[in-house]
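Visitor: Could you walk me through this one? I'd like to start with how its parts are named.
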Amino acid sequence: MKENKLQYKIYSRARCDIFKKRKKNKSNSIFFIMVTIFIAIIVFVALNKSIDPIFRTLCENKAHEIATIVTNEETTKVMANYKYEDMFTIKKDENGNMKMINANILTINEITSDIAINIQNSLDNYEDTEIKLAIGSFLGSRLLSSIGPNIKINLSSIGKVNTEIKSEFESKGI
């Protein structure tokens, strides 16, 4: 009988326990977290380096555009209240020839001050501006810089106004 049992024995391979819970090794999970954080930092630094020049250029161009518009508007408003005769006095000789041009410094300083104050107030009250940056810009390639959906970035205006008066007089005639 023993011979019969050996003859009919069925062999099977070991079962795979795929869903068997494994013991978590704390050192492996800490290593995995550290590697993930390290890769995230590297990706962030690389993206920041590729976007920074593009973003800086866009911001500078937008700031220059806003400053130019505000300066022109406020200068036009202030200068509408003054005439050339308010700023300069022309002295002539007996024959009617121009002898001298005298600048009225107080009026010029008042104009400069009014323009600077108005520009600063306008910049302070200027609404936040939105810049759109294509996702292709993140890759750092000029060919791909305009590809993909746009990311909206809000800019706030912060600045100060400096004024400088430059005067030039050229002698004309004999």
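Guide: Helices here are DSSP runs of H or I with at least four residues, numbered from the N terminus. Please keep in mind throughout that this is a predicted model.

Visitor: Which residues make the nonpolar surface patch with L47?
Guide: Together with L47, the patch is made by F31, V35, F38, I39, I42 and V43, and the patch amounts to about 650 Å².

Visitor: Switching to the inside, what makes up the largest nonpolar core?
Guide: Eleven residues make up that core, namely I66, V70, V78, Y82, M87, F88, I108, I111, I115, I119 and L123. Helices α2 and α4 (105-125) each supply at least two of its residues, and α4 gives the most, with five.

Visitor: And what does V78 touch?
Guide: Leaving aside residues up to four places away in sequence, V78 touches I111, D114, I115 and N118.

Visitor: How much of the protein counts as buried, and what about the accessible surface?
Guide: Of its 174 residues, 15% count as buried, while the accessible surface of the protein comes to about 15,800 Å², with 57% belonging to carbon and sulfur atoms.

Key
Residues are numbered from 1 along each chain as its sequence is written. This is a predicted model: local features need pLDDT of at least 70, side-chain atom pairs count only at pLDDT 80 or more; totals for chains, interfaces and linings use all residues. Side-chain values use heavy atoms; hydrogens and water are left out. Patches are made of residues with over 30% relative accessible area and no salt bridge: like charges are joined within 9 Å, nonpolar side chains (Val, Leu, Ile, Met, Phe, Trp, Tyr) within 5 Å. Accessible areas come from the Shrake-Rupley method with a 1.4 Å probe; for residues, only the protein chains shown count as cover. A salt bridge is a side-chain nitrogen of Lys or Arg within 4 Å of a carboxyl oxygen of Asp or Glu. Buried means under 20% relative accessible area, exposed over 50%, partly exposed in between (1.4 Å probe, protein chains only). A nonpolar core is a set of buried Ala, Val, Leu, Ile, Met, Phe, Trp, Tyr and Cys residues joined through side-chain atoms within 4.5 Å. Contact means heavy atoms within 4.5 Å.
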